[in-house]
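Here is a short note for a colleague who is opening this model now. Please keep the sequence and the structure in view while reading.

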Amino acid sequence: WFDVSAPWLTRVLERKPRRILKAVDGVSFSVPRGSTFAIVGESGCGKSTIARLAVGLHHPTRGEMNFAHGAGRDGRMRAQMIFQDPYACLNPRWRVKDIIAEPIHELGLRRGAAAVQARVTELLGLVGLARSDGEKYPHSFSGGQRQRISIARALATEPEFLVCDEPTSALDVSVQAQILNLMMDLQREFGLTYLLISHNLAVVRHASDQIAVMYLGRIVEQAPTEMLFRNPQHPYTRLLIDTIPDLEAPNRARQPLAGEVPSPIDPPSGCTFHPRCPYAQDICRQVSPPMAHDNDGRAIACHFPLTTARTSPLAGLAAV
Ligand code: SF4
């Protein structure tokens, strides 16, 4: 298991020191080894902040993040990140073989040039590239091929935990499935554990085992993937799912997700989703709903989950 908890984290805006942005608030989740845990939500919900904190690219200016895990082979845990933009994360002046070899040298994972080259060739093969591709520069490759190079570089450190921040959103639709399937094949082969960050619900439904839905820095619903899609209980989850085109039921009644995410610098009182929630009542505007857990593995923060919402304007909509 990889346990991640961020009781509260804040990022102070430097130019306006009195205004504090609480980027992540009370987030806590566990990821079983060899599984994929997805975090979804609109832009500004805090999911990318968690991704970057998890691999040490960001450090909280206030608050703390706790990251517990079983010890790896050498007593350390190796976490790596696959970035959204494969065009920006590869050094254009380096040959692909040198990009992949760098972390191997840095961590001393192979000794001698021949052993490093053999490992680079092996990694290129794992992601579906040829040995000769190692001699080329990144500009020679398409977006999907560059993402394969990024994955090979991440695998070079022999990671246990991979944080994938929108790994397919910069790619053509036709290539997205290839990259997702490659990641899932590698997971099966090497027992990798993924934290998948995405705003694309179709992607996370295909690739994840558990999903956490975030809104304004907090998890509002968390459940096993199919449970969440078949029976969403938080109004925000339900409205997010309704934004996915459903080819099997194109005429099904859908409630639009109205409005925009409020500023995290001055969030709404009570439940921060209440200005956009069709089911908001007085208590929602005053009291932040606590997280409640059920016996089926679902956690939800809502005063009126949809199963109890007899008068909810969402209640008449069929389950997905
Ligand atoms: Fe809507 Fe109230 Fe639930 Fe918030 S607590 S999601 S406002 S019903």
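**Notes on the model**

1. Start with Leu-216. Leu-216 counts as buried because it has 24 C-beta neighbours inside 10 Å. Buried means 20 or more other C-beta atoms within 10 Å of the residue's own; exposed means 12 or fewer; partly exposed lies in between, and C-beta atoms are placed from the backbone. Leu-216 sits in the loop between β8 (210–215) and β9 (218–224). Its phi is positive, near 50 degrees, and Leu-216 is not a glycine. Most residues other than glycine have a negative phi.

2. A word on the source. This is a predicted model: local features need pLDDT of at least 70, side-chain atom pairs count only at pLDDT 80 or more, and totals for chains, interfaces and linings use all residues. Residue numbers run from 1 along each chain as its sequence is written.

3. Now the whole chain. The protein chain has nine helices and 11 strands. These are DSSP runs, numbered from the N terminus: H or I of at least four residues for helices, E of at least two for strands. Of the 320 residues in the protein chain, 39% are buried. Take the contacts in the protein chain between residues at least 6 apart in sequence: 65% of them join residues at least 24 apart. Two residues are in contact if their C-beta atoms, placed from the backbone, lie within 7 Å.

4. Glu-158 also has a positive phi, about 55 degrees, although it is not a glycine. Glu-158 belongs to the loop between α4 (143–155) and β6 (161–165). Is Glu-158 buried or partly exposed? Glu-158 counts as partly exposed, because it has 16 C-beta neighbours inside 10 Å.

5. Look next at helix α2. Its buried residues are Val-96, Lys-97, Ile-99, Ile-100, Ala-101 and Ile-104. What covers them includes α3 and α4. Just after α2, Gly-108 takes a positive phi of about 60 degrees.

6. How do α2 and α3 pack, and at what angle? Helix α2 (residues 96–107) and helix α3 (residues 113–126) pack at about 120 degrees, with axes 10 Å apart. Axes are lines fitted to C-alpha atoms, for helices over the stretch in contact, and angles run from 0 to 180 degrees between N-to-C directions. α2 and α3 are therefore oblique to each other. The classes are: under 35 degrees roughly parallel, over 145 roughly antiparallel, 65 to 115 roughly perpendicular, the rest oblique. α2 passes α3 in a right-handed crossing. A crossing is right-handed if the near helix is turned clockwise from the far one by less than a right angle, and left-handed if anticlockwise.

7. Which residues make the α2–α3 contact? From α2 come Lys-97, Ile-100, Ala-101, Ile-104 and His-105; from α3 come Val-116, Arg-119, Val-120 and Leu-123. By class, the contact of α2 with α3 has six nonpolar, one polar and two charged residues. Ala, Val, Leu, Ile, Met, Phe, Trp, Tyr, Cys and Pro count as nonpolar; Asp, Glu, Lys and Arg as charged; the others, Gly among them, as polar.

8. α2 also packs with α4, at an angle of about 30 degrees and with axes 7 Å apart. That makes α2 roughly parallel to α4. The crossing of α2 and α4 is right-handed. Val-96, Ile-99, Ile-100 and Pro-103 of α2 meet Ile-149, Ala-152 and Arg-153 of α4. The residues of this contact divide into six nonpolar, no polar and one charged.

9. Turn to Ser-198, in strand β7 (residues 193–198). Ser-198 is buried, with 23 other C-beta atoms within 10 Å. Beyond its neighbours within four places in sequence, Ser-198 is in contact with Ala-38, Val-40, Glu-166, Val-203 and Val-204.

10. Leu-201 lies in helix α6 (residues 201–207). Leu-201 counts as partly exposed, with 19 C-beta neighbours inside 10 Å. Leaving aside neighbours within four places in sequence, Leu-201 is in contact with Val-40, Leu-240, Ile-241 and Ile-244.

11. Last, the ligand. Residues around the ligand include Cys-271, Phe-273, His-274, Cys-277, Cys-284, Cys-302 and His-303. A residue is near a molecule if its C-beta atom, placed from the backbone, lies within 6 Å of it. The shell around the ligand has 10 nonpolar, two polar and no charged residues.
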